[in-house]
Amino acid sequence: MTDDIVASVVRQWQAVNPEIDTGPMEIIGRINRCAALLQQAEDAPLRSAGLTRAEFDLLGAVRRTDRELTPGELARETFSSGAAVTKRLRALQDRALVERRGDDRDRRVAHVRLTDEGRALVDRLLPEQLAYERSVLAGLDQPGREELASRLSDLLVQLEGRLGGARR
């Protein structure tokens, strides 16, 4: 089996400082490297539709909750800043994928919903995106994928509780 880049980095650190515990690097380094490579791949189905992952996440949040959401709710759902959500919503609105309407009681609040075109796009892209993601994970067998998902879930729950960002 060929070593990954993190194994090489760990060996280098151990060579110059054998007493150091590189265990955390072996996990976090690999998670970060996987995330960077997945980001670089740019999600082919989304890219072909002219969407970024972050834009698709906003559309998906509105679709899966099946109700209007405020920009603040979208920020929480997608772990994004308010400014980033505003910028993405503007781009999606320009493409007629979402609509905003003011709140009847509070003019400072907006409600975001998918247009028919936005809903159709999400419903078309989600199966394509999942098939793409399945192909990315094809080198792992089903038990391996389930184990990885479970372990990552454990880590995520722990991090959300300790570092904030816990939802609901």
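Colleague: Is Asp43 buried or exposed?

Modeller: Asp43 has 11% relative accessibility, so Asp43 counts as buried. Keep in mind that this is a predicted model, where local features need pLDDT of at least 70, side-chain atom pairs count only at pLDDT 80 or more, and totals for chains, interfaces and linings use all residues. Residues are numbered from 1 along each chain as its sequence is written, and side-chain values use heavy atoms, with hydrogens and water left out.

Colleague: Where is Asp43 found?

Modeller: Helices are DSSP runs of H or I with at least four residues, numbered from the N terminus. Asp43 sits in the loop between helix H2 (23-41) and helix H3 (44-48).

Colleague: Which residues is Asp43 in contact with, leaving aside neighbours within four places in sequence?

Modeller: Contact means heavy atoms within 4.5 Å. On that basis Asp43 touches Arg53, Gln129 and Tyr132. Gly29 is another matter: 14 residues from Asp43 in sequence, and 22 Å away in space, C-alpha to C-alpha.

Colleague: Arg53 next. Which side chain meets Arg53 in a salt bridge at 3.9 Å?

Modeller: A salt bridge needs a side-chain nitrogen of Lys or Arg within 4 Å of a carboxyl oxygen of Asp or Glu. By this rule the count is 14. The 3.9 Å partner of Arg53 is Asp57, N to O. Both residues lie in helix H4, 4 residues apart, about one turn of the helix. Arg53 is partly exposed, at 31% relative accessibility. Asp57 is also partly exposed, at 30%.

Colleague: How far apart are the closest N and O atoms of Glu133 and Arg53?

Modeller: They are 2.5 Å apart, and the pair forms a salt bridge. Glu133 lies in helix H7 (residues 116-136) and Arg53 in helix H4, so the pair ties together parts 80 residues apart in sequence. Glu133 counts as partly exposed, at 26% relative accessibility.

Colleague: What does Arg64 form with Glu77?

Modeller: A salt bridge, with the closest N and O atoms 2.8 Å apart. Arg64 is in helix H4 and Glu77 in helix H5, so this pair ties together parts 13 residues apart in sequence. Arg64 is exposed at 51% relative accessibility, whereas Glu77 is buried at 13%. Elsewhere, salt bridges with shared partners join Arg63, Asp66, Arg119 and Asp123 into one network.

Colleague: Now packing. At what angle do H4 and H6 pack?

Modeller: Under 35 degrees is roughly parallel, over 145 roughly antiparallel, 65 to 115 roughly perpendicular, and the rest oblique. H4 (residues 53-65) and H6 pack at about 80 degrees, with axes 10 Å apart. The two helices are therefore roughly perpendicular. Ala54, Glu55, Leu58 and Leu59 of H4 meet Val85, Arg88, Leu89, Ala91 and Leu92 of H6.

Colleague: How many residues of the contact of H4 with H6 are nonpolar, polar and charged?

Modeller: Ala, Val, Leu, Ile, Met, Phe, Trp, Tyr, Cys and Pro count as nonpolar; Asp, Glu, Lys and Arg as charged; the others, Gly among them, as polar. Here there are 7 nonpolar, no polar and 2 charged.

Colleague: And at what angle do H5 and H6 pack?

Modeller: H5 (residues 71-78) and H6 (residues 82-94) pack at about 110 degrees, with axes 9 Å apart. That makes H5 roughly perpendicular to H6. Pro71, Leu74, Ala75 and Thr78 of H5 meet Gly82, Val85 and Leu89 of H6. This contact has 5 nonpolar residues, 2 polar and no charged.

Key. Axes fitted to C-alpha atoms, helices over the stretch in contact; angles between N-to-C directions. Buried < 20%, exposed > 50% of the residue type's maximum accessible area, 1.4 Å probe, protein only.
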